[in-house]
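Work through the following exercises with the sequence and the model side by side, and try each task before reading its solution.

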Amino acid sequence: MSGPPDYESIPGTYVYDARRGRIGYRLNMFCMSLNKAENRASFKADPAAYVDRFALTAEQRRAVLERDWLGMLKVGGNIYYTIKIAFCDGLTFQDVAGMMSGVPKETYARMMLAGGRSPDGNRYKSGTLPEVERGTPSTAPEAGVVPGSPGVTS
Amino acid sequence: MARIVAGIASSHVPAIGVAMDKGQTGTPYWQPLFRGYEPARDWLAKLKPDVAIIVYNDHASAFSLQLIPTFLIGVADEFPIADEGFGPRPVPVVRGSPRLAWHLAESLILDEFDMTIANEMPVDHGLTVPLSVTCGQPAAWPFAVIPICVNVVQFPPPTGARCYKLGQAIARAVASFDEDLSIVIYGTGGMSHQLQGERAGLINRDFDTKFLDGMTRDPLALTRISHTEYMRESGSEGVEMVMWHVMRGALGPHATEVYRHYHVPASNTAAALLILDNRSAA
């Protein structure tokens, strides 16, 4: 593959692809261990000691211990895995989604009740051009939605 | 001869299962969603299928990143309920259909679909929530189940077109089975949702509506949607909808829509239930 994948132009999105798979394996396997009740108990009793069984990088370790949900994705966390830490904390998927999108829980819940986050203005990162997209059949963005329009940026 | 009598597409949002397990389906938040499931449950109860083939993705429950099967079929006598990190759901054990499952495995592999075969695996909300949605809370599930797992957790999942062709191969395999069985096939996941990143909460009602319409109007056109288009238009986890194509590919070209329910939000997700009748669709 040459150049960044076309989905890299989607804002606020961390696709768990080969690049992230190469850095995220241990972090995600730590999360996988939390499927066992006895491991959840060990993690809750001494989080740092438990995490240290998994040879994480310093940044992965910090992100887990500080519950930096977005930070975990940036160092190879896969949401289907990192959510298990949240379950361990008694949080829901919606709690964590709100935290990742950077708004208070109530604001996020209201957005969802009102129909969710609109794709309009959230299809392309600022400065990326839809024209350079590769490998996608003929769905052009609607008229009026231009790169750089308000929305999520990352 | 075995025959596929219906296709069912269903979201598998974990919170839907939690709401049922905790008796919250009548609350103002959940009632509009669950009310829409009732006609589908009645329809399916009257249909009385013998077996359900349920196409779903495992969510780091039976499989981790250690082994990532793109397509897998479960051939066990029964499948226990997985602990996904908050204890197993309090739902009945899932009874398998090993004789048919082994026939499918052999037929699919010789038909050039290189299935991974699982003799032992727990099943998670990806499979049990669609069962709960369509069967309610019985003491035992009313039919046997053959789980078919599709990887959507490690990018890239198989393409929509490949999934559709797998569905066609499942239909050929079912048609060559010697027992008189009535079978439903489920495609699960979706619809639009994004669980991760700053863009979490994305919902695209227009995309979802066109996708639901396309299931009967032009399913082949839907198989040409690329992964990037799913992720851009329907959220990063909207790509789960490739699994609907397995279901659709297993039905005849003229399968008819008999029921549709669409509701936003179920937690972070646009939840849908679609039933396609395949009894006169050849």
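**Exercise 1.** Determine which residues of helix 9 of chain B are buried, and what they pack against.

*Solution.* The buried residues of helix 9 of chain B are H227(B), T228(B), E229(B), Y230(B), M231(B), R232(B), E233(B) and S234(B), where buried requires 20 or more other C-beta atoms within 10 Å of the residue's own, exposed 12 or fewer, and partly exposed lies in between, with C-beta atoms placed from the backbone. Helices here are DSSP runs (H or I, at least four residues), numbered from the N terminus. This is a predicted model, in which local features need pLDDT of at least 70 and side-chain atom pairs count only at pLDDT 80 or more, while totals for chains, interfaces and linings use all residues. Residues are numbered from 1 along each chain as its sequence is written, and chains are lettered from A and ligands numbered from 1 in the order in which they are written. The buried residues of helix 9 of chain B pack against helix 7 (205-217) of chain B, a contact meaning C-beta atoms within 7 Å. Just after helix 9 of chain B, G235(B) has a positive phi of about 90 degrees.

**Exercise 2.** Decide where the buried residues of helix 4 (residues 58-65) of chain A lie around its axis.

*Solution.* First, Q60(A), A63(A) and V64(A) are buried in helix 4 of chain A. They span an arc of only 100 degrees around the axis, which puts them on the same side of helix 4 of chain A; the arc is taken from the directions from the helix axis to the C-beta atoms. On the other side of that helix, A58(A) and L65(A) are exposed.

Notes
Helix = DSSP H or I, 4+ residues; strand = E, 2+ residues; numbered from the N terminus. Contact = placed C-beta atoms within 7 Å.
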